[in-house]
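Here are my notes on one helix and the loops on either side. Please keep the model open as you read.

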Amino acid sequence: MTTIDYLALLAGAGNTIAISAIAIVLGSPLGLMLALIRWAKVPGLDGLVAILVSLLRATPSVTLMLLVYFALPVLGIELPRVVAAVSTLALGSMAYNCEIWRGALLTFPKDQLDAAKAFGMRRNLRLQHIILPQLVRSALPALVNEMTLLIKVSPAIAVIGVTDVTRAAVRIGASTYQPVPPFTVALLIYLAIIGALVLAQRLFENRQLAGNAA
Amino acid sequence: MNFHGFEIVWSQRDEMLSGLALTLQIVVISSALAGIVGFAAFWLLVQGRSSIVRPMKTAIDLIRAVPFMLLCYLIYYGLPSLGVTFSNMTAGVTALTIYNAAYVAELLRGSWKAQPPEANEAARALGFHGWKLVTRIILPPVFLDAVPMLGNQMIQVIKDSAFLVIITVQELTYSANEIQATYYVPFASFICAILFYWILCLGVEGGVRSLVRVAESRR
């Protein structure tokens, strides 16, 4: 492998991180929205969301990727590759995030809500000041876990031709006839990304524990 | 939107169903193998000497931090340069087995660690020992508690099996892609494939639910 090959892998890493990050930033709040719809039992929408989430959670990311990339143009929507990649990952992430947020909402202590109501807080205020701050804390480990899962399915974007780490490694392997070195470097890159996420979560949790103790 | 695409997919149902059959075959074989290998790894983890346990833990953590698709490429393209060659199907099943066995070992270990020690102690006090203690007292609750997680892992196998399209295993996603490429009906063909994946996953969930009912009644 030459220096250029290493640079190509690093550029791929940049794409992997950027696309996954955007997908997470889109997927988390969308998931929260779906979770709130289910939690509030909005008539009609509730069942629809449940079906959508179940369907998306059962869909392999490669299949969804191919569907979004090939089928949307037929319906008259032309998407650049990168946008198709981000939206597919965000859709999958949204479904998983919905379940995480919903789980956190279902275990939310009811007495706090009753107390907030007794103080005359309106629904939005309750959500904003009582529920959300605690929700983020209790859902954080699961959310980070979901982020690592997202990174691990992100090579699916290579299938539609986005040059992420995996695709860069495949290309280098194909041109040098030595697939093992680029794949090994790719593996180390993924380890570094996922390791960094897990580490960040631990630091955050420790800080929270310290904050709670003080 | 019209249903013309679905008519074409219906006319190509043989190809779609053969893809579904291969996906099913891959999932069943890989899950069974991953279960066996994962159980063996779990047993070594809880019973083995620390000289075995430590490198195994590192290996399991390593596998769990790698994207499945990369492992798939490594096995299919990487191993031949070390002198080992596979058919794409064997490579795919091997990759699925290794990848998921690591998760199975880890979740069985989690279930093992969560078991209260009383049953074990009581059984010993009643004279159980050796093989009988393990198979009658120790392992049943470990498995029964792990059933929902094992089910989730099997759903993961179903979803990961779609990645095998990249090494041209002719499974469900491959069939759907072939049909869409030939007749230009991407919407209908991929929607059908996704519905099949959904049915498979719902089937696993249903199976898990009935097994959990058995577990509850045994408690």
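1. Start with a term. A residue is buried under 20% relative accessible area, exposed over 50%, and partly exposed in between (1.4 Å probe, protein chains only). By that scale B:Tyr184 is exposed, because its relative accessible area is 55%.

2. This is a predicted model: local features need pLDDT of at least 70, side-chain atom pairs count only at pLDDT 80 or more, and totals for chains, interfaces and linings use all residues. Residues are numbered from 1 along each chain as its sequence is written, and side-chain values use heavy atoms, with hydrogens and water left out.

3. Helices are DSSP runs (H or I, at least four residues), numbered from the N terminus.

4. Which residues of H8(B) are buried? They are B:Leu172, B:Thr173, B:Tyr174, B:Ser175, B:Ala176, B:Ile179 and B:Gln180. Their cover includes helix H3 (61-74) of chain A, plus H1 (4-11), H2 (13-47) and H9 (186-218) of chain B.

5. B:Glu171 caps the N-terminal end of H8(B). One of its side-chain oxygens lies 3.3 Å from the backbone nitrogen of B:Thr173.

6. Now the loops. B:Thr168 sits between H7 (130-161) and H8 of chain B. Its phi is positive, about 50°, although it is not a glycine. B:Thr168 is partly exposed, at 41%. B:Tyr184 lies in the loop between H8 and H9 of chain B. Its phi is also positive, near 55°, and it is not glycine either.

Technical notes: Chains are lettered from A and ligands numbered from 1 in the order in which they are written. Helices (H or I, at least four residues) and strands (E, at least two) are DSSP runs, numbered from the N terminus. Contact means heavy atoms within 4.5 Å. A polar contact is a pair of N or O atoms within 3.5 Å; within protein, one must be able to donate a hydrogen and the other to accept it, and residues adjacent in sequence count only if both atoms are side-chain atoms.
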